[in-house]
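Visitor: I should be grateful for a guided reading of the entry displayed below.

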Protein chains: 2
Amino acid sequence: MEKTKTIVRIAGKDYTICGTESAEYIHRVALRVNEKFKEIKSANPDLNNIQLAMLTSINLADEYLKMKDELEMTKKELEKLTPKPGVATPRFGDNK
Amino acid sequence: MEKTKTIVRIAGKDYTICGTESAEYIHRVALRVNEKFKEIKSANPDLNNIQLAMLTSINLADEYLKMKDELEMTKKELEKLTPKPGVATPRFGDNK
């Protein structure tokens with residue numbers, strides 16, 4: 001798979017990101033990190049950049065884990081409603 | 001809601017986390033950040049801690065966005081299969 005090299009700006013510093021994703025997607029990811037970083041900085045103006053970056057990571061991991069739990073629950077719901085192979089399902093027009 | 005204050009250790013440093021979540025959950029989140037940080041550090045041993053923390057954030061945000069897309073697709077699938085209110089669904093025994 002082809003690798004892309006993209007420079008993104010987070011908290012006033014440039015970071016070179018290498019990945020298989022499109023540059024557009026990498027910018028979307030960086031935008032989210034930048035927003036979260038700024039949000040945490042405005043709530044904790046006395047912290048230094050490393051502390052802010054770690055708190056950003058913690059907040060993003062928190063959102064990830066909550067979404068993971070929601071995804072698992074949604075998948076379980078979906079599984080319950082998905083017809084099992086080999087089990088006859090009633091259909092209109094089959095009942096005369 | 002009651003706030004908890006929990007100290008977690010990431011990349012050899014202690015961070016005090018205040019939140020409404022349980023201490024157990026906060027440790028679960030910190031563990032994930034710590035694992036991701038170590039993974040990135042071993043792949044990029046020349047980067048400093050702030051760069052590593054930012055890359056950790058970027059990786060976590062990437063996973064979050066991918067999971068968000070998956071959750072949206074799963075929810076759409078679920079919506080398709082969920083019976084709409086007011087629409088009669090065929091049942092066994094109703095067709096004589």
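Visitor: Read along the sequence, which pattern does chain A follow?

Guide: This is a predicted model. Chain A contains 2 helices and 2 strands. Taken in sequence order, these elements give the pattern β-β-α-α.

Visitor: Which span should the residues of α1(A) have, and what is the distance between its end C-alpha atoms?

Guide: The helix α1(A) has 21 residues, and at 1.5 Å a residue they should span 30 Å. The expected span counts one less than the number of residues. The distance between the end C-alpha atoms of α1(A) agrees with this, at 30 Å.

Visitor: Against what do the buried residues of α1(A) pack?

Guide: The buried residues of α1(A) include Ile26(A), Val29(A), Val33(A) and Phe37(A), and among them are also Arg32(A) and Lys36(A). Their packing partners come from both chains: α2 of chain B, together with β1, β2 and α2 of chain A.

Visitor: How many residues does each chain bring to the contact?

Guide: On the side of chain A that touches chain B, β2 (13-19), α1 (23-43) and α2 (49-81) each supply at least two residues. The residues on this side divide into 20 nonpolar, 6 polar and 8 charged. The contact takes 34 residues from chain A and, from chain B, 35 residues.

Visitor: From which element comes the largest share of the side of chain A that touches chain B?

Guide: Three elements of chain A each supply at least two residues here, namely β2, α1 and α2. The largest share amounts to 22 residues, and its source is α2(A).

Visitor: Against what do the buried residues of α2(B) pack?

Guide: Helix α2 of chain B covers residues 49-81; its 33 residues should span 48 Å, and its end C-alpha atoms are 48 Å apart, which agrees. Its buried residues include Leu52(B), Leu55(B), Ile58(B) and Tyr64(B). They pack against α1 (23-43) of chain B together with four elements of chain A: β1 (4-10), β2, α1 and α2.

Note on methods
Residues numbered from 1 in each chain as written. Chains lettered and ligands numbered in written order. Predicted model: local features only at pLDDT ≥ 70, side-chain atom pairs only at ≥ 80, totals over all residues. Contact = placed C-beta atoms within 7 Å. Nonpolar A, V, L, I, M, F, W, Y, C, P; charged D, E, K, R; others polar. Buried ≥ 20, exposed ≤ 12 C-beta atoms within 10 Å, placed from the backbone.
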